[in-house]
Amino acid sequence: MDFAKILAQELEVPQKYVEAAIALIDEGNTIPFIARYRKEATNAMDDQVLRRLDERLSYLRGLEKRKEEVKATIEGQGALTPELCLQLENAATLAEVEDLYRPYKPKRRTRASIAKERGLEPLALAVLEQNSGFDPEAAAAEYLGEEVPDAQAALAGARDILAEMISDDARLRAELRRFYHAFGLVKSRAAKEEDSVYSGYYDFSQAVSKIAGHRVLALDRGEREEFLKVSVEVEPERAAGIARQLFVRRSGGASADQVAAAVEDAYTRLIHPSLEREIRSELTEKAAEGAIEVFGDNLRQLLMAPPIKGKVALGMDPGYRMGCKLAVVDATGKVLDTAVVFPVPEFKRVDQAKRIVKDLIKKHQVEIIAIGNGTAGRETELFAAEVIREMNCGVQYMVVSEAGASVYSASKLAAEEFPQYDVNLRSAVSIARRLQDPLAELVKIDPKAVGVGQYQHDMPQKKLSEALDGVVEGCVNSVGVDLNTASAPLLSRIAGLTASTAKNVVTFREENGAFTSRAQLKKVKGLGPKAFEQCAGFLRLPGAKDPLDSTAVHPESYPAARTLLELCGFTGKDIGTQAIQSLPQRAAQIGYGTLCEKTGVGELTLKDIQAELLRPGRDMRDELPPPLLRSDVMSMEDLKPGMELTGTVRNVIDFGAFVDIGVHQDGLVHISQLSDRFIKHPSQAVKVGDVVKVKVLEVDVKKKRIGLTMKGVKQN
C-alpha cells in the first residue's frame with residue numbers, strides 16, 4: 001500500500017511533501033518541531049495537518065497489518081484464492097477487511113455449525129445451486145439419522161447453513177450497508193413513563209444520513225441511563241429484497257423457495273441486528289470524533305486566550321461554609337498574601353470581609369480580581385462589585401471558570417508547588433493565575449477537566465486524551481516558554497521533553513542558578529542530543545548574553561541568522577530594536593535567493609528568522625483582543641428582551657454557544673441565532689474567549705435560562 005499517495009490525495013497535498021513528513025515522523029521528530037523548523041521539507045504544513053497525517057498514517061499502517069494477519073489466517077485454512085487475495089489488497093477500510101474475513105473467522109457454536117456437524121453442508125450447497133430439476137425434499141431423505149429425524153429437519157438445518165453463508169457474504173453486506181446509510185432511520189422511544197431531560201427523544205426519528213452528532217450522543221446516554229430505547233430501522237422488505245436479488249434465482253424451482261426462506265431468516269436473525277449495531281457504532285464514533293474536534297477547538301481558544309500581563313491579581317475562590325478563599329499574586333504569579341473571608345450576607349461578616357479585601361487591594365496595589373464561577377460565585381461577584389464601587393480605585397474583575405481548580409489544588413503537583421498552603425487556598429492562587437496567563441496555569445490540569453466541550457465523559461477516553469494533549473502541546477510550543485521561570489508541568493509540554501526531563505531541567509535550574517544559554521540544556525540529566533534538537537527552539541531566555549537565545553530561532557540556524565544580520569549591515573545588538581526594523585527592506589534589496597544561498601537555509605526558514613530578529617520572543621496572544629473585564633454586576637432579573645449586552649463566549653457546542661453576559665448564568669445563542677448568514681457549525685461564527693455583542697431574546701428566571709441572539713447585532 002502506497003501510504004504517501006493515499007495521504008496526499010486525502011489531504012490534497014503534493015506527494016513529495018507527504019513523503020517528507022512521513023520520513024520526519026519516522027525519524028522520531030515531534031509534530032511541533034516539524035511544523036516550526038522543517039517547513040521547507042513539508043511546504044509549511046501546520047501542526048493540525050501534520051497531526052491528521054500522523055493519525056491517518058497510523059490507521060493505514062494498522063489496516064495493512066490487519067490485512068496481512070487475515071491473509072495468513074485464511075491461507076492457513078487452505079482457503080486463500082487469487083480473487084480473495086486481490087479483494088483484501090483493494091480493501092480501503094477495516095470494515096471491508098473484516099467483511100472478507102467473516103466467512104473464515106472462527107465462530108462460537110451456532111445453528112449453522114450444529115447443522116454442519118450433522119453432515120448437512122452438502123445438502124445446503126446443493127440447494128444453493130437451485131437447479132430447476134432438483135427436489136430438495138427427496139434429496140433431504142438421504143441425510144436422515146438420529147439427530148435429523150425427517151426431511152423437514154434436514155432442510156431446516158440446510159437453511160441454517162445457508163443463512164449464515166448469506167449473512168457472511170461481503171458483497172451483500174456492502175450493498176446493505178449502503179442501503180442503511182441512505183434509507184435508515186434512527187428512532188427512539190421512552191423506556192419508562194417518567195419525565196427526564198430526554199423527554200424530547202421519547203418519540204424521535206431522524207435519517208441515519210442526517211442525524212447530528214450531539215443527538216447521537218444524547219441518545220446513547222439516554223439509553224445507557226435506561227430512559228430510552230433506540231433502534232435503527234429500514235423497510236425490511238426492501239432490505240431483504242436486496243439479498244433475494246443476489247441469491248434467489250427465478251428459475252430455481254423448489255430450491256429457490258428454500259433459499260428465499262434462508263434469505264429471510266438471514267436478514268431478520270443475523271444481518272439486521274449486526275448492521276444495526278454497526279451503524280450505531282459508526283454514528284457514535286463519528287459523533288465522538290466531531291465532539292473531540294469541537295472540544296479541541298474550544299480548548300485551543302481557551303489556552304490561547306490573551307494573558308493579562310504585568311498586573312497584580314487577587315484570586316477569589318467562592319464558598320459558603322468554608323468561606324471565600326483569597327490569594328494575591330504579583331505580576332509573575334508569585335503568591336504575596338492569602339486570607340479567608342465570609343462575604344455572603346447570611347454569615348453576617350460582610351463588613352469584616354470588606355475590610356480585609358480592601359486592605360489587601362491597598363497593601364499590594366491589586367489591579368485585577370479573578371472570581372471563580374463555582375458555588376457562591378454569584379454572591380461573591382456582587383460583593384466584589386460593591387467593594388470596587390466603594391473604593392473607586394479603578395480595579396476591575398472577571399469571572400473565570402474554576403473547572404479543574406479543585407482537582408489541581410488537591411493534586412501532588414499543587415502540594416509540591418505550595419506545601420505551605422491548604423487545598424482551598426491553592427485553588428484561589430490557581431484562579432488568579434488563570435486570569436494572568438491561562439496557558440501557563442491550565443497546562444497543570446487534565447485537559448478533560450477544563451470545562452469546555454460537550455459529552456466529554458462519553459468519549460473514547462484514550463482518543464480524547466491524545467487529541468487534547470496534542471492541542472495543549474501545540475499551544476505551548478507555538479507560544480514558547482521562558483526557560484528560567486516555566487514550571488515543570490509547562491516544560492513537560494515542550495516538544496522533546498518528558499515529565500522526567502522537565503523535572504530535571506527545574507532541578508538543574510535550582511542547583512546551578514538561572515540558565516544563561518540554551519547550550520546549558522545539554523548538561524541536564526537525561527536530555528540527549530535528539531531531545532535538545534526538538535526542544536531548544538521553544539525555550540526562550542529573555543536577556544541572555546546571546547540575543548538569539550531569546551528568540552524562536554533554532555540553535556541550528558544561529559549561523560544563518562548571524563550571516564543574515566551581517567549581510568544586511570546589522571549586529572546581534574540590533575535584535576529587537578528600532579534600528580533593525582529596516583531589515584526586510586534590505587533583505588529584499590539583496591534578494592532572498594542570494595540570501596538563501598549565502599545563509600544555507602530555505603526561504604521559509606529565512607523569513608521566520610527575519611521575523612524573530614524583528615520581534616524576538618513575540619507572543620501571538622498579545623495581538624488578540626483583550627479579555628472583557630467588569631467593574632459592576634447585573635442580575636437575571638435586570639434582563640429584558642431587546643437589551644444589547646457585551647459578553648464572553650464560554651463554550652461552543654454543536655447546537656450553539658454559551659455566552660457570559662455578567663449575570664452569573666450563561667445565555668445560549670442557538671446556532672440559528674449566531675449569524676445573519678447560514679453556518680453549518682457554531683465554530684464558523686464564534687470561538688471560546690471571543691468578546692461579542694448579543695441581544696436578549698427571552699429570560700426564564702425560574703428555569704435559569706437566557707436566550708440570546710447575534711443576528712442583526714453589529715459586532716465591533
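**Exercise 1. Over which ring does the charged end of Lys 192 sit?**

Before we start: this is a predicted model, where local features need pLDDT of at least 70, side-chain atom pairs count only at pLDDT 80 or more, and totals for chains, interfaces and linings use all residues. Residues are numbered from 1 along each chain as its sequence is written, and side-chain values use heavy atoms, with hydrogens and water left out.

*Solution.* 
- Step 1: apply the test, which asks for NZ of Lys or CZ of Arg within 6 Å of the ring centre and within 35 degrees of the ring normal.
- Step 2: the ring is that of Phe 227, with the charged end of Lys 192 at 4.6 Å from its centre.
- Step 3: look also at Lys 522, whose charged end sits over the ring of Phe 532, 4.8 Å from the centre.

**Exercise 2. Classify the aromatic pair formed by Phe 179 and Phe 183.**

*Solution.* 
- Step 1: rings of Phe, Tyr and Trp (its six-membered ring) pair if their centres lie within 6.5 Å; planes under 30 degrees apart count as stacked, over 60 as edge-to-face and the rest as tilted.
- Step 2: the structure holds nine aromatic pairs. In the one formed by Phe 179 and Phe 183, the centres are 5.2 Å apart and the planes make 45°, so the pair is tilted.
- Step 3: both residues belong to helix α12 (residues 170-183), and because they are four residues apart there, about one helical turn separates them. Helices here are DSSP runs (H or I, at least four residues), as are strands (E, at least two), numbered from the N terminus.
- Step 4: Phe 179 has 7% relative accessibility and is buried, while Phe 183, at 46%, is partly exposed. Buried means under 20% relative accessible area, exposed over 50%, and partly exposed in between (1.4 Å probe, protein chains only).

**Exercise 3. Describe the surroundings of Ile 706.**

*Solution.* 
- Step 1: find Ile 706 in strand β15 (residues 705-709).
- Step 2: with 4% relative accessibility, Ile 706 is buried.
- Step 3: list contacts (heavy atoms within 4.5 Å). Leaving aside residues up to four places away in sequence, Ile 706 touches Met 636, Leu 639, Ile 661 and Val 663, among others.
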